[in-house]
Amino acid sequence: LFARGGVMRPAKRLQRVLSFDDVDHPYGDEDEAALEAEVNGNWTPQEKALHEARLKAKAKRRVRKSSSRSESLSESLSGELADGDSYSSKGKVPVPNDRKSRTGKGRGLPKKGGAGGKGVWGAAGMVYEVEEPDAKDPNYDEVAQGDTVYATVVPEVDERELEKTVNPIVREYFEHGDTKEVQMLLKELNLGHHKYEFSSLAVSLSLEGKASHRELTSRLLRDLVGKVLSDSDMARAFDKILKELPDLMLDTPEAPQMLGQFIARAIADHALPMAFLDRYKGKVDCDHARAALDRAAVLLSMKREMVRLDNVWGVGGGLRPVKHLVKEMNFLLKEYLVSGEVKEAERCLRDLEVPHFHHELVYEAVVMVLESKGDTAVKMCKLLQAFWKIGLITVDQMNRGFQRVYDELPEINLDVPHAHSIMESFTDLCYQESVITKQLRDSCPSRGRKRFVSEGDGGLIKN
């Protein structure tokens with residue numbers, strides 16, 4: 001008891017301060033139990049519950065301290081702590097090579113079960129596979145390792161990437177026309193079981209192009225069979241094209257007729273077996289495919305003297321010899337003089353696909369005017385005027401054709417005595433119809449020495 005304000009009160013507050021120490025209780029277990037029994041008689045229920053909660057929290061703190069460090073380590077370091085050695089600001093003892101998290105979280109186990117980090121051999125019980133010898137290893141010994149075979153493996157082209165890979169090869173081939181280069185490129189690729197699709201893609205691209213492209217494609221198919229592709233690959237390619245024919249007609253309405261010509265040309269070149277058409281007899285439901293097969297059958301049934309399947313695509317542009325092109329242009333002009341059809345002559349000239357060689361047409365037309373009679377000059381002037389207006393014959397080609405005639409006029413004059421006068425009248429007519437320029441008309445050579453009847457004839461020309 002102590003006196004406060006003249007009243008005698010029990011020392012309840014002092015006892016409560018002494019019993020609620022947060023670090024360590026000064027009494028032993030027996031004293032603490034006796035004190036608790038003594039004080040409980042005077043505490044309120046709230047104070048009693050608070051006291052029990054604090055005791056439980058204190059017990060938990062003791063359990064955490066004992067689990068974080070082993071008892072042996074604590075005993076060995078107790079003397080150092082008594083001497084006042086330095087420790088961390090949080091009251092934790094620094095332990096060398098301790099893998100436990102400094103934040104107080106985790107279970108205190110090493111990372112990845114001891115299989116991670118530098119300088120470790122892996123988890124216990126791990127079995128490693130036999131390591132293959134590496135030729136780039138400094139310790140590699142070729143004699144000790146034995147025979148090592150190195151091979152370059154080309155991955156197979158994916159079906160989705162096949163079209164992106166093949167299209168540039170085919171389009172480049174349309175420019176240079178070298179089948180051997182295409183063979184080399186295909187051998188470098190690993191097309192696998194999609195090899196036959198190269199032929200179908202090449203034919204599909206040529207259907208959208210010109211006649212010269214189709215001629216080049218037929219030659220390519222002929223040269224690939226037996227070297228890169230087989231007969232069965234070619235047959236599968238045309239089977240696929242026949243199935244896709246309705247879709248191809250959306251861009252090329254003449255696809256059935258063209259495909260029939262491709263089939264006939266391939267059979268004639270021995271790129272397709274002769275039995276290709278026989279296995280389709282009576283088994284075709286598509287009208288477009290039936291039309292293509294009928295077209296091929298008709299071409300193959302014709303006599304060799306009537307039609308040559310190697311010219312089924314017409315003249316192949318600059319790939320044909322110059323003599324052949326000259327012959328075709330002569331035939332074109334003669335047919336025009338008979339029929340007078342400018343549209344047909346225009347179509348034939350476009351089919352030749354030689355815009356760089358149109359000066360030959362101008363040259364042949366002018367020579368025909370010099371060597372013929374009648375209204376040939378008027379018809380030829382009309383034809384040249386039509387080609388000039390639509391831009392089929394450029395000013396450079398027109399000037400070059402006339403200039404070639406000017407250069408050869410002395411030789412032509414040996415066979416055609418009036419070649420100079422005919423040439424002058426024809427150039428005047430072409431100038432009036434705006435076919436040639438004034439400069440080209442003025443550059444026309446005049447005739448040679450005049451032969452007079454007599455000195456006093458007034459300058460009349462001898463007939």
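Helix 12 is mostly covered, with 12 of its 14 residues buried. This comes from a predicted model. The buried positions of helix 12 are Ala255, Pro256, Met258, Leu259, Gly260, Gln261, Phe262, Ile263, Ala264, Arg265, Ala266 and Ile267. Arg265 is therefore buried, as a residue counts as buried when its relative accessible area is under 20%.

Which helices pack against the buried residues of helix 12? They are helix 8 (197-207), helix 9 (211-224), helix 10 (231-243), helix 11 (245-248) and helix 13 (287-301).

The length of helix 12, which covers residues 255-268, can be checked against its residue count. At 1.5 Å a residue its 14 residues should span 20 Å, and the C-alpha atoms at its ends are 20 Å apart, so the two values agree.

## After helix 12: His270

Helix 12 is followed by His270, which has a positive phi near 65°. His270 is not a glycine, and it sits in the loop between helix 12 and helix 13. Is His270 buried or exposed? With a relative accessible area of 66%, His270 is exposed, whereas 12 of the 14 residues in helix 12 are buried.

A positive phi is also found at Ser434, about 60°, and Ser434 is not a glycine either. Ser434 belongs to the loop between helix 19 (419-432) and helix 20 (438-442).

Helix 10 has 13 residues. From its first C-alpha to its last it reaches 19 Å, close to the 18 Å expected at 1.5 Å a residue. Its buried residues are Asp233, Met234, Ala235, Ala237, Phe238, Asp239, Ile241 and Leu242. These buried residues pack against helix 8, helix 9, helix 11, helix 12 and helix 13.

Glu244 is in the loop between helix 10 and helix 11. Its relative accessibility is 29%, so Glu244 counts as partly exposed. Glu244 and Ser204 are 40 residues apart along the chain, and their C-alpha atoms are separated by 9.6 Å.

## Helix 16 against helix 17

Two packed helices are described by the angle between their axes and the distance between the axes. For helix 16 (residues 358-371) and helix 17 (residues 376-389), the angle is about 165° and the axes are 9 Å apart. An angle over 145 degrees counts as roughly antiparallel, so helix 16 and helix 17 are roughly antiparallel to each other. The crossing of helix 16 past helix 17 is left-handed.

Which residues make the contact between helix 16 and helix 17? On helix 16 they are Leu361, Val362, Ala365, Met368 and Val369, and on helix 17 they are Thr376, Ala377, Met380, Leu384 and Phe387. By class, the residues of this contact are 9 nonpolar, 1 polar and no charged. An α-helix has 3.6 residues a turn, so residues three or four places apart point the same way.

## Helix 15 against helix 17

Helix 17 also packs with helix 15 (residues 342-352), where the axes come within 11 Å and cross at roughly 60°. That angle makes helix 15 oblique to helix 17. Helix 15 passes helix 17 in a right-handed crossing, while the crossing with helix 16 is left-handed.

In this contact, Val342, Ala345, Glu346 and Leu349 of helix 15 meet Lys382, Leu383, Ala386 and Phe387 of helix 17. The contact residues divide into 6 nonpolar, no polar and 2 charged. Phe387 of helix 17 takes part in the contact with helix 15 and also in the contact with helix 16.

## Thr179

Thr179 is found in helix 7 (residues 179-188). What is the relative accessible area of Thr179? The value is 12%, so Thr179 is buried. Leaving out residues up to four places away in sequence, Thr179 touches Tyr173, Arg219, Leu220 and Asp223.

## The chain as a whole

The protein chain has 20 helices and 2 strands. Of its 463 residues, 32% count as buried. Among contacts with a separation of 6 or more in the protein chain, residues 24 or more positions apart account for 64%.

Conventions:
Residues numbered from 1 in each chain as written. Predicted model: local features only at pLDDT ≥ 70, side-chain atom pairs only at ≥ 80, totals over all residues. Heavy atoms only, no water. Axes fitted to C-alpha atoms, helices over the stretch in contact; angles between N-to-C directions. Helix = DSSP H or I, 4+ residues; strand = E, 2+ residues; numbered from the N terminus. Parallel < 35°, antiparallel > 145°, perpendicular 65-115°, else oblique. Left-handed = near helix turned anticlockwise from the far one by under 90°. Contact = heavy atoms within 4.5 Å. Nonpolar A, V, L, I, M, F, W, Y, C, P; charged D, E, K, R; others polar. Buried < 20%, exposed > 50% of the residue type's maximum accessible area, 1.4 Å probe, protein only. Expected span 1.5 Å × (residues − 1).
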